Amino acid sequence: MAGWDLKKGELQLVPIRDDQLWARFNFVFSDASAKRNSYKFGLIKSILDNLLNCTIEDDKFVLFYHDIFAKFTECYWNLVLKYHLRQMRPDGKSQYSKIEQILWQAQIDFQIPEQIPFNSLNAILQETIIAQVQRECRKYVIGALYSDLEGIVYGFDKKEKYLVLHPTAYQFLMKYKMELERLNYYAWAKFLETVNDDSLLVRLLNKLELASPQRKNLDIYRQVLYQEFEAHYCFYCGKKLTGTSHVDHFIPWSFVKEDKLWNFVLSCPSCNNGKSNKLPARMFVEVMEERNSHVVLRSDFSRNQFASYRQGLISHLWQYARNAGFQVYKTDLD
């Protein structure tokens with residue numbers, strides 16, 4: 001049976017090595033992997049962007065379809081409706097894929113003006129569109145990518161609400177997140193060049209990056225950090241926050257691509273601007289781990305933000321990001 005037609009795919013819980021995983025992903029990126037549309041690339045990107053939303057249940061790394069396809073939908077909303085990039089090779093029946101048709105129809109049905117970002121739509125409308133995209137991708141895309149990866153990265157059952165990542169594959173995805181993302185973008189762009197007019201291909205890699213979920217306003221977290229962590233001093237230099245305080249991603253957003261309370265600190269403008277897209281010094285990792293392990297979460301919002309957090313995660317992310325080439329920010333305390 002063809003991969004796209006599978007109803008379920010068993011996770012191959014066998015010992016696997018990094019070179020085996022690289023071989024499977026390189027196969028997906030190559031022309032040898034059958035692709036009528038771009039959605040294998042979109043699914044890989046959405047899985048990478050959701051790694052921090054994994055929950056561990058009975059030693060299984062569980063990733064819910066809704067989380068995956070929320071980011072998948074936002075990405076394709078921009079590619080299709082903002083940049084007008086076609087996503088499928090004509091098959092004799094249609095020039096456009098079902099996902100493209102879903103997004104265009106939503107724009108028409110709900111009278112959404114062009115250039116409106118997906119995250120600017122009201123929550124109910126977003127959920128309606130995500131559900132339609134998820135339904136289509138669960139039918140075809142999940143199984144197709146599973147087959148290309150030979151079942152060693154994830155397992156799935158279309159009757160369930162989630163897929164299950166192989167523990168070793170999860171570590172591999174975290175370890176090589178940046179490299180996989182770059183290779184995926186390159187292969188994705190190469191495919192799009194075959195199905196789009198040259199006029200649409202200007203700055204194509206930039207369009208792919210900008211189509212992904214972007215940073216959001218962090219003001220909502222400032223008061224939560226005051227209340228939950230009693231953060232009245234700059235996390236990095238220790239000076240009292242008397243004026244404007246900045247909400248800072250402890251592990252840079254460009255690596256985690258997530259806004260999570262357990263990864264936020266308050267800092268003074270000077271430290272925040274100096275740190276920018278760098279990692280904090282290693283000595284702050286233990287402080288951060290200690291803070292997160294002893295915080296008393298008082299609100300449902302905060303508890304939801306910590307749902308996928310586990311002890312040691314900050315330390316692992318710091319090392320993964322360091323290995324990916326992120327520089328370390330030095331303060332006067334170092």
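This briefing covers strand pairing, one tyrosine in a loop, and aromatic rings. The model is predicted, so local features need pLDDT of at least 70 and side-chain atom pairs count only at pLDDT 80 or more, while totals for chains, interfaces and linings use all residues. Residues are numbered from 1 along each chain as its sequence is written, and side-chain values use heavy atoms, with hydrogens and water left out.

**Strands**
- Strand E2 (residues 55–57) pairs with strand E3 (residues 60–64) in the antiparallel sense over three bridges, where strands are DSSP runs of E with at least two residues, helices are runs of H or I with at least four, both numbered from the N terminus, and pairing requires at least two DSSP bridges.
- Within this hairpin, Glu57 has Lys60 as its bridge partner, and Asp58 takes a positive phi near 55°.
- E3 is also joined by four bridges to the antiparallel strand E5 (residues 162–165), with Val62 opposite Val164.

**Tyr176**
- Tyr176 is found in the loop between helix H6 (167–175) and helix H7 (177–195), and counts as buried because its relative accessibility is 19% (buried is under 20%, exposed over 50%, partly exposed in between, with a 1.4 Å probe and protein chains only).

**Aromatic rings**
- The whole structure holds 29 aromatic pairs, meaning Phe, Tyr or Trp (six-membered) rings with centres within 6.5 Å, which are stacked under 30 degrees between planes, edge-to-face over 60 and tilted for the rest.
- Tyr39 and Tyr76 form an edge-to-face pair, 4.9 Å centre to centre with 70° between the planes, and both residues are buried.
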